[in-house]
Amino acid sequence: MRPDQHEFLGMKAVFCSDAMRNVLARLHRFAQSNATVLIEGESGTGKEILARAVHHFSLRRLQPWVDVSCAALPEHLVESELFGYEKGAFSGAHTRKEGLFELANGGTLFLDEIGELDTRMQVKLLRILDCGSYYRLGGTCKVEANVRVVAATNRDLEKSVSAGEFRKDLYHRLAQLRISVPPLRERKEDILPLAGFFLGQYSAKSGFSFEAERCLEAYNWPGNVRELRNVVMSSAVISEGHVVQASDLPAAIHSAGECERPQAQYDGMASDLCNLSAYTAGAIESSERQLILKVLGETQGHQEKAARILGISARTLSRRLKSYQLSEKAS
Ligand SMILES: Nc1ncnc2c1ncn2[C@@H]1O[C@H](COP(=O)(O)OP(=O)(O)O)[C@@H](O)[C@H]1O
Ligand SMILES: [Mg+2]
């Protein structure tokens, strides 16, 4: 495996940018403790991979890893999913069921999209995190929860706290250690390595054209790595040759490359070149003039002799002299 490639619990990851290497290094340090970790970042930035990295780097790595998305569970099921229930706890509870906290015992429980948890569950979660034990639904025996919790959110939880949507105490309990994952547009060095990695995973194409690479780098990836992965998959299918072309990319990405064409830079270069050639022409003209005047001085103004020494015809010399008189009048 290349040094910028990793695998955490079966998920392959590529981290090339300094920003992501720092994130990984911090998570490596975080993983050595049992503190809760809150991973914040836009959707598709790789929060789940990083949560897996925490488990992978921790002493719990051989113990269970259990993940659940708080957004995917209907509100009325969150409680029974997390804490389990006893037989007969409610109609339909024919047998006892272990909750996710129990399944994760000794290991790590990843609570994805924690910002979606309703306020009633927020209280319950806080209680478990504080006491380390809980009751199954309908149960009377306490269940110990030896679980390390890692949570992720794409919301700005501090804002949710200020807006009264998320409990401040739970926020602080979850964010004993905090990490923020930068969006892909802020770590452009990751774009091409990730694109190459996905292309290698999904197709036999050999790469991207230079133009296609420029478009991929210019686009701002609101859907982050997830969007990049999907774009690479679809353009690899559309592309007919060995190499994915800019025209195989979705229109928005193709046109991002067009917009970013460094026209202004070329314009600047062109005007620099014009200035340079004007400057050079001026410099040549002035040294030519000096030379002619010097030779004329040496021939005491004898134009034919001077022309011979200079290797030009007498007519050319006289034209040059006329143009100098003109420019002298003009200046
Ligand atoms: N650094 C990375 N290397 C490889 N794949 C990545 C990376 N970051 C994200 N992905 C992929 O992008 C998709 C979204 O990642 P995920 O961790 O689910 O994002 P989030 O939880 O932040 O929404 C997944 O398919 C994941 O495998
Ligand atoms: Mg996610």
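Residues are numbered from 1 along each chain as its sequence is written, and chains are lettered from A, with ligands numbered from 1, in the order in which they are written. Because the model is predicted, local features need pLDDT of at least 70 and side-chain atom pairs count only at pLDDT 80 or more, while totals for chains, interfaces and linings use all residues; side-chain values use heavy atoms, with hydrogens and water left out.

**Pockets**

A pocket is an open set of points, on a 1 Å grid over the protein atoms alone, where a 1.4 Å probe fits and protein lies on both sides within 12 Å along at least five of seven lines; its lining residues have an atom within 4 Å of a point. The volume is the space filled by probe spheres set on the points, which are joined across faces, edges and corners. Helices (H or I, at least four residues) and strands (E, at least two) are DSSP runs numbered from the N terminus.

| Pocket | Volume | Element giving the most lining residues |
|---|---|---|
| Largest | About 660 Å³ | Helix 8, five residues |

Among the 29 residues that line the largest pocket, M11, G46, E48, I49 and R226 are the closest to its centre. Two or more lining residues come from each of strand 2 (11-14), helix 2 (47-57), strand 4 (65-69), strand 7 (108-112), helix 8 (191-202) and helix 10 (224-238). Because domain 1 (5-182) and domain 2 (187-259) both give residues to this lining, the largest pocket lies between them; the domain bounds come from an automatic or database domain assignment.

The lining of the second largest pocket includes E79, F83, K124, R127 and Y134, and helix 3 (75-83), helix 5 (119-131) and strand 8 (133-135) each supply at least two of its residues.

Five strands form an open sheet in the order 4-7-10-3-11, with parallel pairing, where two strands pair if DSSP finds at least two bridges between them. Strand 4 and strand 11 (177-180) are the edge strands, each pairing on one side only. Within the sheet, strand 3 (residues 37-40) and strand 10 (residues 148-153) run parallel and are joined by four bridges, and E40 stands opposite T153 in strand 10.
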